[in-house]
Amino acid sequence: MPDYIPSADAAFDTWELNFFGYVLTNFATLGLVAGDIADLGTAHTAWTAAYPAHSTAQAAAQAARQTKDDTRATLEAEIRSLTRRLQASPDVDDTEREAMGITVPDTVATAAAVPATRPLVTVDTSQRLRHVIAFVDEGAPTRK
C-alpha cells in the first residue's frame, strides 16, 4: 500500500504546506484543540527553515563542483601541454621525469609473455543467413 506522504522533498513540501494549512484553519471542526497541533506547528516551522536552506546549500555545492571540474580541466590541459614539451626536451632526464611523476620511457625492449591458454571460437549457424561468432578463453570457457 503506497504511503500518502510523498517521498520526494519538493512534493512533500507542497503536500505539507497544504496539510498544515488545512489543519491550522480547521482544527476545531476536526475535533482538535490548539494544544493538539502545537508540536505540528513547531515541526512545520523547523521544516520551512530547513528545506530552503538545504536547497540553497545543494545548489551552491553543485555550482562549486562545476567550478572545480572546470578549473581542473583547464589545469590538466596546461599540465599536459607542458609535459609534452618536457618529454620532448633533451634537457630533461629520466630522474627528473620520475621526480615530477610523469611517464619515464622504457628503453629496454621486453618480449610479451607467452599465453598459457588460447582463444576458442564457436560459430552459431542455427538461423538462416546469420552467423554468430563467439570467442572464449580456453582456460575459462564460461566467460567471454
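Predicted model: local features only at pLDDT ≥ 70, side-chain atom pairs only at ≥ 80, totals over all residues.

Residues are numbered from 1 along each chain as its sequence is written, and side-chain values use heavy atoms, with hydrogens and water left out.

Glu 16 sits in helix H1, residues 9-26, where helices are DSSP runs (H or I, at least four residues) numbered from the N terminus. What surrounds Glu 16, leaving aside residues up to four places away in sequence? Glu 16 touches His 44 and Trp 47, contact meaning heavy atoms within 4.5 Å. Glu 16 is buried yet has no salt bridge, and the nearest side chain of opposite charge, Arg 65, is 27 Å away. Here buried means under 20% relative accessible area, exposed over 50%, and partly exposed in between, with a 1.4 Å probe and protein chains only; Lys and Arg count as positive, Asp and Glu as negative, and His and the chain ends are not counted.

The structure holds six salt bridges, each a side-chain nitrogen of Lys or Arg within 4 Å of a carboxyl oxygen of Asp or Glu. One of them joins Arg 65 and Asp 69 at 3.6 Å, N to O; because these two are four residues apart in helix H2, about one helical turn separates them. Asp 69 also meets Lys 68 in a salt bridge, at 2.8 Å, N to O.
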